[in-house]
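User: I am new to this structure and would like to learn how to read a few of its features. Could you take me through them one at a time?

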Amino acid sequence: MTPIQIGRLLRSTITNCVMGCRVTEMDAPAFGGMVRIPQAGGLQIYGLIYDMTIEDDGLVRQLVTAENISDDVILDNRINRNVPVEISVLFIGYAQGGEVYHLLPPRPPLTLDTIYPCTPEEICRFTAAGRFGYFRHLLRAADLPLGELLAAHLQQTAPLHTAAGNPAWLSAATQELITLLRDDYPRLMEALATLGELKFLI
Amino acid sequence: MPVNFQQLREQIHEMGQNAPALQAERQDRLDQASRLLNELANDLPALTELVGRAAALAPHLRCATPAAEPLDLTAPARPPDPHLTLLAADGSQINPSAHDSVPFGVINVGVFEMHPGQGSPPLVHTRSRLLTPEEVFTDHGMLGEEVVALMRDLREREELLELARQHPVPVITLTDGPLELYHEPQDNARFRRELQHYTEVLEELAAAGVVAAGYVEKSRSDLLVRLLELAQLDREGRLAQAGKDRPFKFITDIELLRSRIGPGERSAVLGIQTAAEGHFTGRLAVHYFYINVSPTAKPYLARVEIPAWVAQSQPLVALLHGALLWQCQQMGAHASPYALHRAHEVAVVRLDEKQQIEDMITAELRRQKVAVEQKSHKQANKELPGKRRRP
């Protein structure tokens, strides 16, 4: 099956990137979702969506003052006008030669590279490799809504592992987070409080 | 040198001091004109006869002529037609300049296509045309801004015609500005050729039953006021002074009608008395009405120009009126046709885009081993970094 692209890269560094996507493509990406950016030579860069921004402009600011905005105008603005949704992605590792590495990619992806959502198989393969080394990238990044991002990631990933016959993955991931944050009590409490919102953890 | 604000401050102060007296004088003239409008609103045959007599005395007379509706008529809008196709066009151009390294021009036309309430997303169409150095130079020198502007107006109409033919009626084509063109110099052969083609396209739109309309904001037109001036002069036995003596000078039609037309309403449709040798005659003779697009009690009037064959059809005037009002309602606080704004967004050529095109042309010419001149020193100096450019 042909993978569905969700956007193209606008700018990147070695740790993260921002991609643009049309509003009509907004169904695919979700906060905490895992994405893949294919590179030359079989390199696949993996990342987690940690922010989404929808920019306005002068016309949109004026249109919101209208009493009733017609569907035609809404469709025009979402389909035709050049106001992309910006999605920020934190790099959490890469795969090359059949091996998964929870390390930063060798080089950042380039402008207009295509970005795809990860399949359940790709997510399970990446997150089950090693011992949750990719958590380091989340814990190191400043200004992230860490608890919310971890909760979203676990909420989306745990059911995939359970369906794949690995129900212990969630418990192991939580234990690993507690270990990594054991010396940072405020962040640990914040993370655990947010994880407590997940129905299947209660 | 910066502006001498001290000198300007004194002049602004003086202007402010004179303003109340001028305003009072103006209000007096406006009241007189308004009273005359009330008196004569239904005397359409007499007014038509009056215009005929005045035109015989002053061949270049230009004023409103009564059509079928009382002059003080106001009419509410209908909801937009559920089967309507609306096409709005706008254009922009790069005028050739002898100061550039390669003299070239570009005409860029954007058309916004909309089918209100029919569930399909609007479409945008763009057509860009390069005016090569061979086209830019004529026997009389470089193409002037007026000719390029007319070429742009013509391309807008051609694009509208091409797209309009793809849809069943009712179709409305909308452009920004008047239908009637005033560009100078009208004695230029190239200009006359383009203008002739322009009216031919309008004829083809008419033949296809496609409504053509020009939307004019902040109109300073005073044709209705000039008609009332004829009546005033006639009463004073001075009709021979028609067009020369202006009893209601500086009063505009919008000022006269502003308090009469309610939110969403339109005025009467009026014709225009103009010189017989004009290009816009017969079924293309320009007519117009005013529409109050303001959603609030504070009126905001725009002028809408239409050809005679549309003006003579009440259903088509109602169709256009409803569509325009609906368009303006989409824009919120600054009511103006949404489709025209979008066409402008699509068409506009920015200064940096002009530079990109010039770079593309010089690169191509150099690839072909053709010598390229440099920009004028004056232009190069204007583009020095740090200099703020006018938009």
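User: Leaving aside its neighbours within four places in sequence, which residues is Leu84(B) in contact with?

Analyst: Two residues are in contact if their C-beta atoms, placed from the backbone, lie within 7 Å. By that rule Leu84(B), leaving aside its neighbours within four places in sequence, is in contact with Pro116(B), Pro170(B), Ile172(B) and Ala323(B). This is a predicted model, in which local features need pLDDT of at least 70 and side-chain atom pairs count only at pLDDT 80 or more, while totals for chains, interfaces and linings use all residues. Residues are numbered from 1 along each chain as its sequence is written, and chains are lettered from A and ligands numbered from 1 in the order in which they are written.

User: Is Leu84(B) buried or exposed?

Analyst: A residue is buried if 20 or more other C-beta atoms lie within 10 Å of its own, exposed if 12 or fewer, and partly exposed in between. Leu84(B) has 22 such atoms within 10 Å and is therefore buried.

User: How are two packed helices described?

Analyst: They are described by the angle between their axes and the distance between the axes. Here helix H5 (residues 146–163) and helix H6 (residues 169–180), both of chain A, pack at about 150° with axes 9 Å apart; axes are lines fitted to C-alpha atoms over the stretch in contact, and angles run from 0 to 180 degrees between N-to-C directions. Helices are DSSP runs of H or I with at least four residues, numbered from the N terminus. H5(A) and H6(A) are therefore roughly antiparallel, a term for angles over 145 degrees. On the H5(A) side the contact is made by Leu150(A), Leu154(A), Ala158(A) and His161(A), and on the H6(A) side by Trp169(A), Leu170(A), Ala173(A) and Leu177(A).

User: How many residues of chain B are in contact with chain A?

Analyst: 13 residues of chain B are in contact with 13 residues of chain A.

Definitions and conventions:
Helix = DSSP H or I, 4+ residues; strand = E, 2+ residues; numbered from the N terminus. Parallel < 35°, antiparallel > 145°, perpendicular 65-115°, else oblique.
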